[in-house]
Amino acid sequence: MRGEPSCPKCGGRVRAPGLFSDSWQCDVHGTVYPLQPVIPPSVEALSVVVHRTQVPVWMPWPLPVGWLFTGVTCAGDDRSGGRATAVACTGPGPVGGMGELVLVAEEIGVGLGARYAGIDGPDPGPYMNVEKPPQVKVLAAGRPTPLWHVTRSPYDRAVFAGEALGMWLWAVVWPEQSGLLMYDELVLTDLRDAGAELELVPCGALSPRLLEP
């Protein structure tokens, strides 16, 4: 498990602000919002991200039967606040086996969603055909939200993206067949609005998907 901030776009090392720059720097991607180290899932870890972020913290709520919260991370620092969040959930897949879902909310250009999607980023726009009807719809913060299939992602996952509350919303599901989960019109809650219900989130073991480079 990494103990230092990294680049949200590639997972590489970043340099902290210093004498010659007032922002975090990646040798490949230049100025970035640093991705904070992933820590084991707990209500406390979730609360830290919820209270520091400037963007939504999406989670299916209530969680599908048998599913658990399995990790959270955010991109940003104490000065900027969180500019991207990623929440992982794990549970029984709709066609058997275990499924994993990572939901990313981010500002334009951060690149965290594209990294989990396995595509060249930073944003999903070039990989979505929004002139066609959306493949799935979710209810995000009480609003019907269309999501389109994101092309050119690796075959081991299904990727959908759209816009919610003025931010990109990505849904990345492993394995690809578990993408059927997204057709059940999931209800997504922004955990910044969850209040005391945050204490009720069931936690599982850390999802290795959040640690992938």
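Two strands pair if DSSP finds at least two bridges between them. Helices (H or I, at least four residues) and strands (E, at least two) are themselves DSSP runs, numbered from the N terminus. With that in hand, let us walk through this predicted model, in which local features need pLDDT of at least 70 and side-chain atom pairs count only at pLDDT 80 or more, while totals for chains, interfaces and linings use all residues. Residues are numbered from 1 along each chain as its sequence is written, and side-chain values use heavy atoms, with hydrogens and water left out.

Let us begin with the sheet of β1, β2 and β3. These three strands form an open, antiparallel sheet in the order β1-β2-β3. Its edges are β1 (14-15) and β3 (30-32), each of which pairs on one side only. Three bridges link β2 (residues 24-26) to β3 in the antiparallel sense, and Trp 24 has Val 32 of β3 as its bridge partner.

Pro 62 belongs to the loop between β4 (58-60) and β5 (68-77). Gly 121 and Pro 122 are also joined by a cis peptide bond, here with omega about 10 degrees; Pro 122 sits in the loop between α2 (112-117) and β8.

Now turn to Thr 85, in strand β6. Is Thr 85 buried or exposed? Its relative accessibility is 1%, so Thr 85 counts as buried (buried means under 20% relative accessible area, exposed over 50%, and partly exposed in between, with a 1.4 Å probe and protein chains only). A polar atom of the Thr 85 side chain lies 2.6 Å from the backbone oxygen of Pro 56. Leaving aside neighbours within four places in sequence, Thr 85 is in contact (heavy atoms within 4.5 Å) with several residues, including Val 49, Thr 53, Val 57, Cys 74, Leu 103 and Leu 112.

The next stop is the hairpin of β8 and β9. Strand β8 (residues 136-140) and strand β9 (residues 143-149) run antiparallel and are joined by five bridges. Lys 137 stands opposite Pro 146 in β9. Two residues lie between the strands of this hairpin, where Ala 141 takes a positive phi near 55 degrees. β9 also pairs with β10 (residues 158-164), again antiparallel, over three bridges, and Leu 147 faces Gly 162 of β10.

Most residues other than glycine have a negative phi, and most peptide bonds are trans. Against that background, look at Leu 165, a residue other than glycine whose phi is positive, near 55 degrees. Leu 165 lies in the loop between β10 and β11 (167-174) and, at 35% relative accessibility, counts as partly exposed. Glu 185 is not a glycine either, yet its phi is positive at about 50 degrees. Its place is the loop between β11 and β12 (187-190), and with a relative accessible area of 58%, Glu 185 is exposed.

Which residues make a nonpolar surface patch of about 300 Å²? Val 95, Leu 180 and Tyr 183 do. Patches are made of residues with over 30% relative accessible area and no salt bridge, like charges being joined within 9 Å and nonpolar side chains (Val, Leu, Ile, Met, Phe, Trp, Tyr) within 5 Å. A salt bridge is a side-chain nitrogen of Lys or Arg within 4 Å of a carboxyl oxygen of Asp or Glu, and accessible areas come from the Shrake-Rupley method with a 1.4 Å probe, only the protein chains shown counting as cover for residues. Val 95 is found in the loop between β6 (81-92) and β7 (98-106), and is exposed at a relative accessible area of 53%.

Note on methods: A polar contact is a pair of N or O atoms within 3.5 Å; within protein, one must be able to donate a hydrogen and the other to accept it, and residues adjacent in sequence count only if both atoms are side-chain atoms.
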